[in-house]
Amino acid sequence: MTPELIGAVGLTAFFVLLIFRVPIAMGMLIAGFGGIAAISGFPAACTILGSETFEIASYIELSVIPLFVLMGNLAGLSGMSRDLYNAAYAWAGHHRGGLAGATIIGCAGFAALSGSSFASAVTMGRVALPEMRRFHYDDGLATGCVAAGGTLGFLIPPSSGFVIYAILTEQSIGKLFIAGILPGLLLTALFLLAIAVVTRLRPQAGPAGPRASLGERWQTLRRAGVFIAIVLVTIGGIYGGVMTPVEASGIGAFLTLIVALARRSLSIAAFKAVILHTLRTTALTFMILIGAHVFIPFMALSEIPSNLVGFLTGLDVGSLGVLLIVLATYVVLGTFLEGIAMLVLTLPVVFPVILALGYSPIWFGVIVVIVLEMGLISPPVGVNVFVVKGVAPDVPLATIFRGIWPFWLAMLACLLILVAFPGIALYLPNTMF
Amino acid sequence: MPGKSTRPSNADGMPPLPVRLMGGVDLVVRQVALWGGGAMLLGLMGLTVADVTLRYLFNAPLYGARDVAKLMLLVMVALSVAYSARTGGQVVIEFFSRRMGPRLAACSEAGARLAGLAMLAVLSRQLWISGANAAAFGETSMALGIPYGPFYRFLALGMLLYAAVLVVELLLILRGRIQDLDQPPDDVRS
């Protein structure tokens with residue numbers, strides 16, 4: 001059999017495994033190991049299996065995953081998400097759609113402490129949804145903005161999506177983090193615009209809340225100041241070249257732990273839950289990366305990516321045309337594949353194409369993460385939608401999906417803006433110290 | 001709480017053996033992750049903070065901190081991978097399986113675990129062999145010269161614990177107790 005044929009058989013076997021509920025990490029290990037054994041022999045496959053597993057499990061740059069996850073979990077527990085929401089609520093809640101806007105701003109702020117869209121949606125959903133329902137917000141708008149706002153956790157640094165992308169493509173985690181800042185702010189602004197449009201068309205969807213006094217506003221802002229300080233130290237430290245992402249994650253987790261202890265919000269049971277939740281997410285990510293690092297050499301040996309590069313770059317549609325084909329494929333895949341799964345499955349094939357077309361790998365990382373975010377709220381398997389459904393079980397799924405469309409369109413607009421103006425994503429990484 | 005099962009019992013009042021085994025495995029993987037993995041997690045955080053503080057405030061970085069940190073990370077992964085697998089921490093594509101009938105779903109669950117078990121057996125064996133090779137060739141960390149051999153083997157043991165989880169889950173499925181597979185993770189509340 002030729003390497004291409006073995007590659008095709010391996011890919012097919014991999015998808016069959018996924019259909020039959022084999023975890024994606026295990027599927028990649030099986031298909032990758034079997035494929036390498038078929039192409040290069042059993043000893044070579046064994047060598048790659050042992051060495052890649054050890055390399056990934058002890059790859060120091062990946063310490064950012066447990067430490068930033070710990071920081072996000074502690075931030076949620078210590079009430080920082082509530083502080084952020086309260087501050088945004090006090091300043092913007094009296095406008096039409098203001099509570100939904102406060103939710104988006106709160107999500108964006110919490111995203112700077114947590115790299116997980118799941119955590120952002122859960123924590124902000126618990127805080128914001130009861131408030132919006134108290135003021136008779138439309139269920140679709142209320143749940144839609146929590147689900148969409150939660151996805152900001154994937155784009156605004158620290159982002160688990162960027163870490164995985166960086167490891168799979170051998171890019172700088174720090175540069176990717178910094179590249180996510182301006183697009184994250186742009187997407188936040190577009191979400192706010194989407195809320196403004198919805199409430200302009202249907203004012204009853206987002207009635208104004210009560211107006212807070214100036215004193216209350218400053219008080220809430222002061223309380224949220226702790227969060228601002230931690231973000232300045234961590235993300236600012238990375239941008240300023242003072243700290244590496246690993247150092248920033250350690251310092252960030254430590255500061256958040258101090259805040260949680262100072263606020264007496266950390267019972268022993270809660271601390272144990274934080275530890276276990278952090279380890280669970282960490283092990284999940286490491287297993288996927290171990291699987292990917294066995295699967296990627298198999299793909300390279302099969303020559304499928306290089307053949308695809310030749311095919312796509314030979315198409316008479318120009319580099320932008322190829323890029324749009326790739327993005328359209330991602331958007332479609334995102335409707336039924338989980339985000340991280342899609343990332344590890346497609347990057348071995350797509351990334352060489354992007355490099356061959358001359359696009360910046362850092363910029364493409366931002367683009368990919370936004371497309372993954374779209375998948376997080378796309379029917380039928382939008383993960384964040386199910387997360388919000390868990391927080392608001394009485395709201396039908398159809399209502400949540402209906403409320404998501406304005407935000408999905410905002411993401412699409414953000415994507416197109418970044419394709420048209422790549423400098424938005426690349427300006428900050430290019431000016432990093 | 002893992003280990004304190006409220007699952008249906010046999011006529012003699014005892015839960016069936018696979019259910020009791022599952023309770024035991026749940027307890028072990030949770031304690032191993034919580035105390036072992038948790039110690040590594042907090043140690044990693046403390047080490048990073050100490051290194052940064054000493055480096056920037058006193059211009060005296062901890063010698064070999066990087067070596068220790070990378071091996072702590074490895075131990076943390078080894079100790080938590082079984083817990084993660086047991087509490088649904090592995091990404092599974094559910095789009096197709098939601099459309100399966102109960103019989104096919106049970107076959108699929110059993111097949112997934114068999115495939116995982118086979119792969120973990122190969123992986124554990126290979127890590128053990130790589131550990132022996134690392135010891136034979138004197139592979140060590142850069143600064144402190146910590147030998148890598150034992151850490152390869154530790155990782156192999158972590159994967160074996162994951163395999164043990166799959167074995168007991170497979171027993172449950174084969175005994176028709178697929179409903180006892182679910183082990184919700186410890187929740188983090190805000």
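Predicted model: local features only at pLDDT ≥ 70, side-chain atom pairs only at ≥ 80, totals over all residues.
User: Is B:Ile129 buried, partly exposed or exposed?
Analyst: Buried requires under 20% relative accessible area and exposed requires over 50%. B:Ile129 has 30% relative accessibility, so this residue counts as partly exposed.

User: How far apart are the C-alpha atoms of B:Ile129 and B:Tyr152?
Analyst: Along the chain, B:Ile129 and B:Tyr152 are 23 residues apart.

User: How much area do chain B and chain A bury between them?
Analyst: The two chains meet through 64 residues of chain B and 65 residues of chain A. Of the area they bury, 76% is on carbon and sulfur atoms. The area buried between chain B and chain A is about 5,900 Å².

User: Which element gives the largest share of the side of chain B that touches chain A?
Analyst: Between the chains there are 10 residue pairs in polar contact, both residues being at pLDDT 80 or more. On the chain B side, the elements that give two or more residues are α1 (17-58), α2 (65-86), α3 (102-136) and α4 (149-174). By class, this side has 39 nonpolar, 15 polar and 10 charged residues. The largest share, 15 residues, comes from α1(B).

User: Which residue of chain A forms a salt bridge with B:Glu109?
Analyst: Three salt bridges are counted between chain B and chain A. B:Glu109 also belongs to a network of salt bridges whose members include B:Asp26, B:Arg86, B:Arg113 and B:Glu169. In the bridge from B:Glu109 to chain A, the closest N and O atoms are 2.8 Å apart, and the partner is A:Arg21.

User: How many residues apart in sequence are the parts tied together by A:Arg223 and A:Asp83?
Analyst: A:Arg223 and A:Asp83 form a salt bridge, with the closest N and O atoms 3.1 Å apart. A:Arg223 is partly exposed at 47% relative accessible area, whereas A:Asp83 is buried at 6%. Because A:Arg223 lies in helix α13 (residues 214-239) and A:Asp83 in helix α5 (residues 80-92) of chain A, the pair ties together parts that are 140 residues apart in sequence.

User: About how many helical turns separate A:Glu131 and A:Arg134?
Analyst: These residues form a salt bridge whose closest N and O atoms are 2.8 Å apart. A:Glu131 counts as buried at 17% relative accessibility. Both residues are in helix α7 (residues 117-134) of chain A, and because they are three residues apart there, the separation is about one helical turn.

User: Where in chain A does A:Asp138, the salt-bridge partner of A:Arg202, lie?
Analyst: The closest N and O atoms of A:Arg202 and A:Asp138 are 3.9 Å apart, and the pair forms a salt bridge. A:Arg202 is in the loop between α12 (181-201) and α13, so the pair ties together parts 64 residues apart in sequence; A:Asp138 is in the loop between α7 and α8 (139-150).

How values were computed: Residues numbered from 1 in each chain as written. Chains lettered and ligands numbered in written order. Heavy atoms only, no water. Contact = heavy atoms within 4.5 Å. Buried area = accessible area lost by both parts, 1.4 Å probe. Salt bridge = Lys/Arg side-chain N within 4 Å of Asp/Glu carboxyl O. Polar contact = N/O pair within 3.5 Å; in protein donor to acceptor, adjacent residues only side chain to side chain. Helix = DSSP H or I, 4+ residues; strand = E, 2+ residues; numbered from the N terminus. Nonpolar A, V, L, I, M, F, W, Y, C, P; charged D, E, K, R; others polar. Buried < 20%, exposed > 50% of the residue type's maximum accessible area, 1.4 Å probe, protein only.
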